[in-house]
Amino acid sequence: MEFPGLMDRSAIGDQIERILLSRSFAHKSQLKKLLEVLFQNMDSQATLKPDRVIRELWPDEIRTKRSADVATEMNRLRHALES
């Protein structure tokens, strides 16, 4: 079922691709990775937990990263997308 005003997955993918290729994101590899993780898991956002994001973003730092680190990255992503 489609809801009016919602984009389909391929349209969202196209938008994400444009963002990832943009000048604003050129040197923001961590934010690119986070955006990709969120897109790949967009159908399971309700069950996407910080520990899974940590494993994706910082595979070598699983023991030292916490949900606060994920929140910080989400905040950085939010600000980057706004600009």
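Is Arg 76 buried, partly exposed or exposed, and why does it count that way?

Guide: Arg 76 counts as partly exposed, because its relative accessibility is 39%. Keep in mind that this is a predicted model.

Start with the partner. Arg 76 forms a salt bridge with Glu 73. The closest N and O atoms are 2.9 Å apart. Both residues sit in helix α4, which covers residues 67-82. They are three residues apart, about one turn of the helix. Glu 73 has 9% relative accessibility, so this residue counts as buried. The cut-off for buried is under 20%.

Asp 51 is partly exposed because its relative accessibility is 44%. Arg 55 has a relative accessible area of 44%, so Arg 55 is partly exposed too.

Glu 61 and Lys 65 make another salt bridge. Here the closest N and O atoms lie 3.7 Å apart. Glu 61 is partly exposed, because its relative accessible area is 34%. Lys 65 comes out at 19% relative accessibility and therefore counts as buried. The limit of 20% is what decides that label.

Asp 8, Asp 14, Glu 17 and Glu 36 form a negative surface patch. Glu 36 belongs to helix α2, residues 29-40. Its relative accessibility is 36%, so Glu 36 counts as partly exposed.

The protein carries 14 positive and 13 negative side chains. The centres of the two sets lie 5 Å apart.

The protein has four helices and zero strands. From the N terminus on, the order is α-α-α-α. The C-alpha trace spans about 40 × 30 × 20 Å along its principal axes. Of the 83 residues, 24% count as buried. The accessible surface comes to about 6,200 Å². Carbon and sulfur atoms hold 51% of that surface. Among contacts between residues at least 6 apart in sequence, 43% join residues at least 24 apart.

Methods:
Residues are numbered from 1 along each chain as its sequence is written. This is a predicted model: local features need pLDDT of at least 70, side-chain atom pairs count only at pLDDT 80 or more; totals for chains, interfaces and linings use all residues. Side-chain values use heavy atoms; hydrogens and water are left out. Patches are made of residues with over 30% relative accessible area and no salt bridge: like charges are joined within 9 Å, nonpolar side chains (Val, Leu, Ile, Met, Phe, Trp, Tyr) within 5 Å. Accessible areas come from the Shrake-Rupley method with a 1.4 Å probe; for residues, only the protein chains shown count as cover. A salt bridge is a side-chain nitrogen of Lys or Arg within 4 Å of a carboxyl oxygen of Asp or Glu. Lys and Arg count as positive and Asp and Glu as negative; His and the chain ends are not counted. The place of a charge is taken as NZ of Lys, CZ of Arg, CG of Asp or CD of Glu. Helices (H or I, at least four residues) and strands (E, at least two) are DSSP runs, numbered from the N terminus. Buried means under 20% relative accessible area, exposed over 50%, partly exposed in between (1.4 Å probe, protein chains only). Contact means heavy atoms within 4.5 Å.
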